[in-house]
Amino acid sequence: MKLSAPVTGGPCWAELGTTDLESAQRFYTRLFDWRPETDPREEAGGYTVAHLGDAAVAALAPLYREAQPVAWNVSFAVTDADATLREVAAAGGQTLLDATDVFDMGRFAVAADPTGAVFQLWQAGSFPGAGVFSVPGSLGWVELLTRAPQQAVSFYTGVFGWSLTPSRRYPQWGIDGADFGGMVTMDDKFPHEVPAHWLPYFAVDDVDAAAATATRARGTVLMEPVSHPEGPRIAVLRDPQGAMFGVYRATEEAD
């Protein structure tokens, strides 16, 4: 991931919605060495921010809406969440949660693209998003998995102004010359019940060790560690409550 700070239109935050906040804190602290801090305010609903040192890197939170699946969610930075929701609707997407203020920290909304992938919008106030990117334990890449790639390309390039580096194997999303994610076309190998979705990848020092740690912590390895000829070593994991996420070797990103 070439982005090193939140950029308008780019990914700025990753947030887990879970049914067991305490278990999730134990799992991810063991895996990424995070330091979780739960907001004590009652209206915060148990929202917990994970830190690396003093830098906020991700959040863990109880489910906040009916029928919300246990999953990692990716937030994209916008200057006006309400206006972006109107653009989402005009481009064929759907609003799942109207824009709402989060204390003085910013304005938050949830939407889905026309292919069904859910994403979040963040209009920064006092909180811009993750304090670091692409270092071990932090967000380093985001990946859209969809069964309608052309429809997705039209939507995201129109709403967010992203570029797309074409590739038969793995097209990559970018903004202002910095690639930050990729796109996978879901084929028959993906179970029909798996919807289109955004998958965050977190940087680690050692992908194989991270997969082993996740397994010992009662997680699951969905895709065994593999090295790509033109990319980093990666794996896809699932936490004990069922949320999927990826890990990749941080040092290879910079090679």
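The exercises below, each with a worked solution, concern a predicted model.

**Exercise 1. Helix H2**

Determine which residues of helix H2 are buried, how they are arranged about the axis, and what they pack against.

Solution.
- Step 1. H2 spans residues 81-90, and its buried residues are Ala 81, Thr 84, Leu 85 and Val 88.
- Step 2. Viewed down the axis of H2, these buried residues fall within an arc of 105°, so they line one face of the helix.
- Step 3. Turn to the face directed away from the buried side: Arg 86 and Ala 90 are the exposed residues carried there.
- Step 4. The partners of the buried residues are strands S5 (71-78), S6 (94-102), S7 (106-112) and S8 (118-124), together with helix H3 (149-160).

**Exercise 2. The two ends of H2**

Find which side-chain atom approaches the backbone at the start of H2, and which residue with positive phi follows the helix.

Solution.
- Step 1. At the start, a side-chain oxygen of Asp 80 comes to within 3.1 Å of the backbone nitrogen of Asp 82.
- Step 2. After the helix comes Gly 92, with a positive phi near 100°.

**Exercise 3. The setting of Gly 181**

Locate Gly 181 in the fold, decide whether it is buried or exposed, and list its contacts beyond four places in sequence.

Solution.
- Step 1. Gly 181 belongs to strand S12, residues 178-185.
- Step 2. The relative accessible area of Gly 181 is 0%. Buried means under 20%, so Gly 181 counts as buried.
- Step 3. With neighbours within four places in sequence left aside, Gly 181 contacts Trp 141, Val 142, Pro 171, Gln 172 and Trp 173.

**Exercise 4. Nonpolar cores**

Identify the residues that touch the most other members of the largest nonpolar core, then trace the contacts of Trp 198.

Solution.
- Step 1. The largest core has 70 residues, and those touching the most other members are Tyr 28, Trp 34, Trp 72, Phe 119, Tyr 156, Trp 198 and Phe 245.
- Step 2. Not counting residues up to four places away in sequence, Trp 198 touches several residues, including Trp 72, Phe 76, Phe 119, Glu 143, Tyr 156 and Trp 173.
- Step 3. Another core, of twelve residues, lies apart from the largest one; among its members are Tyr 170, Met 186, Tyr 201 and Tyr 248.

**Exercise 5. Annotated spans**

State which residues the UniProt annotation "domain: VOC" covers, and describe each span.

Solution.
- Step 1. According to the unreviewed UniProt entry, the annotation covers residues 10-124 and 138-250.
- Step 2. Residues 10-124 are 19% helix and 49% strand, with end C-alpha atoms 13 Å apart.
- Step 3. Residues 138-250 are 20% helix and 45% strand, with end C-alpha atoms 10 Å apart.

Key. Residues are numbered from 1 along each chain as its sequence is written. This is a predicted model: local features need pLDDT of at least 70, side-chain atom pairs count only at pLDDT 80 or more; totals for chains, interfaces and linings use all residues. Side-chain values use heavy atoms; hydrogens and water are left out. Buried means under 20% relative accessible area, exposed over 50%, partly exposed in between (1.4 Å probe, protein chains only). Helices (H or I, at least four residues) and strands (E, at least two) are DSSP runs, numbered from the N terminus. The arc is that of the directions from the helix axis to the C-beta atoms. Contact means heavy atoms within 4.5 Å. A polar contact is a pair of N or O atoms within 3.5 Å; within protein, one must be able to donate a hydrogen and the other to accept it, and residues adjacent in sequence count only if both atoms are side-chain atoms. A nonpolar core is a set of buried Ala, Val, Leu, Ile, Met, Phe, Trp, Tyr and Cys residues joined through side-chain atoms within 4.5 Å. UniProt positions are given in the numbering used here, feature names are shortened, and annotations may be inferred rather than shown by experiment.
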